[in-house]
Amino acid sequence: MRAINGEDVYPIIFKRKSVRKFEAAPLDEAALQKIRTFLTTLRPLFPEIRTELKFMGADEVKGIFKVNAPHYLAIYSEEKDGYLANAGFLLQQVDLFLPTLNIGSCWQGGPRPTKEFKGADGLEFVILLAFGRPAEELFRNSVSEFKRNPLTSITNISGEDELLEAVRLAPSAVNKQTWYFTRTGDAIHVYAGRGGLIPPQRLKAIDAGIAMCHLWLAAENSGRKAEAVVKDPGSTGAPRDYDYIASMIVK
Ligand SMILES: Cc1cc2nc3c(=O)[nH]c(=O)nc-3n(C[C@H](O)[C@H](O)[C@H](O)COP(=O)(O)O)c2cc1C
């Protein structure tokens with residue numbers, strides 16, 4: 001079973017939820033230090049893409065659908081192929097880790113930092129995660145409480161229900177779940193739905209990276225190895241109006 005920093009994040013997939021009500025008080029230094037240590041262990045989807053993470057307070061973040069939290073974690077990135085999925089993959093590891101410390105979180109696709117910050121060397125802002133001590137339930141009681149589409153609407157793959165169930169439960173912008181999964185050989189191909197104004201296309205690519213994080217953790221949990229590549233396999237039966245994002249080789 002996959003353990004990060006001694007903490008098992010895989011089981012969190014099946015009970016996590018977005019937290020939107022937080023205690024106003026900031027986390028204590030010991031908790032912040034645990035998070036900082038965890039951030040040094042994150043695995044990227046695409047290691048060649050440079051990224052930087054930055055903690056922010058409530059007055060450093062503004063915008064639509066903002067939740068009031070004492071802390072925010074912003075990710076900045078080089079804008080290379082796959083950078084949005086890479087950002088989703090990285091921050092979803094944090095979203096799953098925080099509840100192991102009794103800390104709640106919520107993805108923030110609407111808000112952005114109030115100040116321009118270019119990172120160490122000109123990286124662009126991608127997205128934020130709000131977090132703090134929850135002032136509401138931190139976990140769901142069972143998988144039946146997740147509002148999600150059935151597996152049959154997001155994949156034509158058979159025989160991989162254990163992997164894909166973890167993917168199906170992933171969070172997505174406005175819960176649209178506009179992803180689709182196909183397979184050729186050992187490769188699971190990930191697509192993001194195209195079209196519609198909400199959510200914007202960039203958030204759908206981030207959603208795809210979040211789903212790939214769950215796919216990777218589920219693969220590792222069942223003792224398999226998972227590695228990401230971007231190599232469009234051509235026609236694999238994905239529905240029309242879907243953009244290819246990346247593939248995960250699961251052996
Ligand atoms: C990329 C992304 C952006 C999101 N942006 C916001 C946001 O700006 N404000 C908000 O309240 N929730 C936001 N969410 C949370 C989703 O609404 C939530 O994950 C979805 O409804 C599923 O619910 P759950 O996370 O409780 O399982 C976002 C989620 C993702 C993945």
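A salt bridge here is a side-chain nitrogen of Lys or Arg within 4 Å of a carboxyl oxygen of Asp or Glu. Arg50, Glu78 and Lys80 are tied together in a network of such bridges. Keep in mind that this is a predicted model. Under that salt-bridge rule the count comes to 11.

**Salt bridges across the chain**

- Arg43 pairs up with Glu220, and the closest N and O atoms sit 3.9 Å apart. This pair brings together distant parts of the chain: Arg43 is in the loop between α1 (29-39) and β1, while Glu220 belongs to helix α4, 177 residues apart.
- The 3.9 Å between the closest N and O atoms of Arg43 and Glu220 counts as a salt bridge because the rule asks for a nitrogen within 4 Å of a carboxyl oxygen.
- Arg224 is partly exposed, with 22% relative accessible area, and Glu160 is buried, with 10%.

**A salt bridge inside one helix**

- Arg168 bridges to Glu165, with 2.8 Å between the closest N and O atoms. The two are three residues apart in helix α3, so about one helical turn separates them.
- Arg168 is buried at 14% relative accessible area, while Glu165 is partly exposed at 22%.

**The largest pocket**

- The largest pocket has 30 lining residues, and Arg20, Ser172, Ala173, Val174 and Asn175 are the ones nearest its centre.
- By type, that lining splits into 15 nonpolar, six polar and nine charged residues.
- β4 (104-108) and α4 each put at least two residues into the lining. The top contributor is α4, which gives four.

**The largest cavity**

- The largest cavity has a volume of about 30 Å³.
- Its lining is made up of Arg16, Lys17, Asp95, Pro99, Ser105 and Leu138. Sorted by type, that's two nonpolar, one polar and three charged residues.

**Surface**

- Val174, Leu197 and Ile198 make a nonpolar surface patch of about 360 Å². Val174 turns up again in the largest pocket, among the residues nearest the centre.
- Ile198 sits in the loop between β8 (187-193) and α4 (201-221). Ile198 counts as exposed because its relative accessibility is 59%, and the exposed label applies over 50%.

**Phe55**

- Phe55 is part of strand β1 (residues 51-56), and it's partly exposed, at 29% relative accessible area.
- Phe55 and Pro239 are 184 residues apart along the chain, and their C-alpha atoms are separated by 39 Å.

Definitions and conventions. Residues numbered from 1 in each chain as written. Predicted model: local features only at pLDDT ≥ 70, side-chain atom pairs only at ≥ 80, totals over all residues. Heavy atoms only, no water. Patch = residues over 30% accessible without salt bridge, like charges linked within 9 Å, V, L, I, M, F, W, Y side chains within 5 Å. Areas by Shrake-Rupley, 256 points an atom, 1.4 Å probe, with all protein chains shown as cover. Buried < 20%, exposed > 50% of the residue type's maximum accessible area, 1.4 Å probe, protein only. 1 Å grid on protein atoms, 1.4 Å probe; cavity = no way out; pocket = protein on both sides within 12 Å on 5 of 7 lines; lining within 4 Å. Nonpolar A, V, L, I, M, F, W, Y, C, P; charged D, E, K, R; others polar. Points joined across faces, edges and corners; volume = space filled by probe spheres on them.
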